[in-house]
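Here is a short briefing on the pockets of one protein. Look at the structure first, then read on.

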Amino acid sequence: MVDPKIKTLLKLNELGSYTKAAQALSLSQPAVSNHIRILEQEFGIKIFIKGQKKLKPTPAGEVLIRYAHRAVALSAKVRQAIEDQQREVRSLTVGLTPTASDILVPQILATFCNNHPGVHITIVTDTIKNIDKMLQFYELDFAIVDGILNNPNYVSILMDTDYLCLVVSPQHPFAQRQSVNLKELQRENLVLRPKKAGTRKLFEGYLISHGYSIRDFNVMMEVDSVATIKELVALNLGITVISHSACREEELSGRLVVVPIENCRMVREINMIYPRNFEYVDMLNELRQR
């Protein structure tokens, strides 16, 4: 259903090289060049220019690539919808931010599937920025994120609120403290989420509002997996600042200790996001109640 030239366009944009795209698509390099030339003639634009290391899309090329992504995703959706109709099932792809994936959301979705045998859910975990792109490209049906996506094409429902907290091992000296201050944190080894993560941005914003910069602290490691961060902290190899809901079970079991930071308030929203034309709003309303 998707024009082969569109698939060539997307692969060339991904790899940034005619040679690499030709190899990946099992085409000759002239065939790849011809596909791009035909698209440029059809839309009257220049799609790519040479960058320092790889091809870069022009502004007009970026528009075409954005809609090409949508065309591929919609084609896949049509095929899935027809297959679902024939099998009398409902297949959905859900985007979760890493923190959301650690706060019982997968368990809630699994429980929903168990109660509704005709529903099949695929979970994609990624950053909030990439989830926003996938929603725009119709690659996701809905998302549950820790944060906010400001887009008039989305409906956003607040599911819960969460907050960031300092988390340490029971063996760490802070574990016996009633609270700690930011100056004390400067002497510690921090294990944090990557710079693009929403919780990391919230923490950095808090530091800036109190006259500090993340560069004033020893960020020993950046890890994208919340589970890995918790494991490193439990082994007393560092301390972290993460979402409280992501470590609630470990706090209750005594494996991790939450220590208040003086005068600290870092609140974060957990939102369910879906496109305004989403078909199964009744299902989302049921999920909200769980």
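**Pocket briefing**

H4 gives four residues to the lining of the second largest pocket, the largest share of that lining. The model is predicted. The largest pocket also draws the largest share of its lining from H4, here eight residues.

**Second largest pocket**

- This pocket holds about 270 Å³ of space.
- Its lining is made up of Leu10, Asn13, Glu14, Lys56, Pro57, Glu62, Ile65, Arg66, His69 and Phe137.
- At least two lining residues come from each of helix H1 (4-15), strand E2 (55-57) and H4.
- By class, the lining splits into four nonpolar, two polar and four charged residues.

**Largest pocket**

- The volume of the largest pocket is about 570 Å³.
- Its lining counts 23 residues.
- Nearest the pocket centre lie Lys77, Ala81, Ser91, Asp141 and Glu279.
- Two or more lining residues come from each of helix H4 (59-87), strand E3 (90-96) and strand E4 (119-125).
- The class count for this lining is 12 nonpolar, six polar and five charged residues.

**H4 in both linings**

- Which element supplies the largest share of the lining of the largest pocket? That element is H4, with eight residues.
- For the second largest pocket, H4 again gives the largest share, with four residues.

Definitions and conventions: Residues numbered from 1 in each chain as written. Predicted model: local features only at pLDDT ≥ 70, side-chain atom pairs only at ≥ 80, totals over all residues. Heavy atoms only, no water. 1 Å grid on protein atoms, 1.4 Å probe; cavity = no way out; pocket = protein on both sides within 12 Å on 5 of 7 lines; lining within 4 Å. Points joined across faces, edges and corners; volume = space filled by probe spheres on them. Nonpolar A, V, L, I, M, F, W, Y, C, P; charged D, E, K, R; others polar.
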